[in-house]
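Student: Can we go through this structure together? I would like to start with the strands and then move on.

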Amino acid sequence: MIIKKSDLLCIAAKPEQYPDEEVVEIAFAGRSNVGKSSLINLILNRKNLARVSGNPGKTRTINFYKVNDDEFRIVDLPGYGYAKVSKSVSSDWGKMIETYLKVRDNLAIVVQLVDSRHEPSAQDVQMYEWLKHYELDGLVVATKADKISKNEWAKNKGIIRKKLGMGQDDVLVPVSSLKKTGCGELMEILEELISQWKNG
Ligand SMILES: Nc1nc2c(ncn2[C@@H]2O[C@H](COP(=O)(O)OP(=O)(O)O)[C@@H](O)[C@H]2O)c(=O)[nH]1
Ligand SMILES: [Mg+2]
């Protein structure tokens with residue numbers, strides 16, 4: 001798939017603000033600072049479309065990006081689990097994410113991001129449980145793969161799969177936005193999902 005063009009389409013907090021449901025959407029979820037904006041920028045081949053932040057916990061909205069005019073959309077869900085955020089704000093975020101998952105008919109899949117170096121957090125597990133519940137699970141990206149050795153990854157991939165409760169057919173792809181590795185495999189999977197969606 002060649003990304004020729006991408007633009008921010010819409011920023012929303014509530015369903016009334018979402019764009020129409022004519023175009024298939026691929027959403028990205030993960031804790032703040034996991035590397036979501038960096039990965040979205042890499043996929044969209046833009047240096048700074050989704051803001052990369054050294055200051056986590058700032059995105060409090062759902063950001064919709066249109067790709068190649070209306071071929072598909074990338075949706076950046078609010079990051080969760082930032083320690084400095086109060087409980088009520090973080091439950092608002094949970095509601096914001098779950099509402100989107102629940103109502104969105106044109107959502108093909110949610111790519112869940114976890115850090116390749118660490119055991120998934122309780123919120124990562126909760127997120128994956130929501131995804132399973134709404135049948136949007138099955139694709140997990142382990143970020144910052146440049147920060148661990150091959151041996152560590154061989155060990156961590158089992159830990160991540162087990163902690164999230166991933167099924168045998170669920171896919172776990174290690175990606176480094178810094179080194180630009182793993183992104184090709186991810187794009188192939190997304191491309192297949194998008195064409196499946198469009199064909200039926
Ligand atoms: N080494 C390394 N650092 C990364 C990678 N992806 C993101 N980062 C860094 O992690 C921090 C958070 O990234 P960002 O994309 O803003 O995360 P977000 O909060 O999930 O959107 C930034 O300092 C990035 O430069 C990666 O693949 N490798
Ligand atoms: Mg971000």
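Tutor: Start with β6, which is mostly covered: five of its five residues are buried. Buried means that 20 or more other C-beta atoms lie within 10 Å of the residue's own; 12 or fewer is exposed, in between is partly exposed, and the C-beta atoms are placed from the backbone. Helices (H or I, at least four residues) and strands (E, at least two) are DSSP runs, numbered from the N terminus.

Student: Before we go on, what kind of model is this?

Tutor: A predicted one: local features need pLDDT of at least 70, side-chain atom pairs count only at pLDDT 80 or more, and totals for chains, interfaces and linings use all residues. Residues are numbered from 1 along each chain as its sequence is written, while chains are lettered from A and ligands numbered from 1 in the order in which they are written.

Student: OK. Which residues of β6 point one way and which the other way?

Tutor: L139, V141 and T143 point one way, V140 and A142 the other way, and all are buried.

Student: In what sense do β5 and β6 pair?

Tutor: Parallel, over four bridges, with V114 opposite A142 in β6. Two strands pair if DSSP finds at least two bridges between them.

Student: And what is the strand order in the sheet?

Tutor: The order is β1-β3-β4-β2-β5-β6-β7, in an open sheet of seven strands with mixed pairing. β1 (6-12) and β7 (171-174) stand at the edges with a single partner strand each, so one side of each is left without a neighbour in the sheet. From one strand to the next, the twist averages 25°.

Student: How does β1 pair with β3?

Tutor: In the antiparallel sense, over six bridges, with β3 spanning residues 62-67. I11 stands opposite N63 in β3.

Student: Which strands does α4 touch?

Tutor: Helix α4 (residues 150-164) packs on the sheet and touches β5, β6 and β7; its direction makes about 140° with that of β7. α5 lies across β2, β4, β5, β6 and β7, running at about 160° to β5. Contact means C-beta atoms, placed from the backbone, within 7 Å. Axes are lines fitted to C-alpha atoms, for helices over the stretch in contact, and angles run from 0 to 180 degrees between N-to-C directions.

Student: Switching to the ligand. How many residues surround ligand 1?

Tutor: 20 residues, the closest being G35, K36, S37, S38 and L178. A residue is near if its C-beta atom, placed from the backbone, lies within 6 Å of the molecule.

Student: Where does the largest share of that shell come from?

Tutor: From helix α1 (residues 36-44), with three residues.

Student: Which residues of α1 are buried?

Tutor: K36, S37, L39, I40, L42 and I43. Their cover includes β2 (25-30), β4 (72-76), β5 (107-115), β6 (139-143) and α5 (183-199). Just after α1, N45 takes a positive phi of about 60°.

Student: One more: why does V23 count as partly exposed?

Tutor: Because V23 has 17 C-beta neighbours inside 10 Å. V23 lies in the loop between β1 and β2. Leaving aside neighbours within four places in sequence, V23 is in contact with D70, F72, R73 and N106.

Student: What share of the protein chain is buried?

Tutor: Buried residues make up 36% of the 200 residues.

Notes
Contact = placed C-beta atoms within 7 Å.
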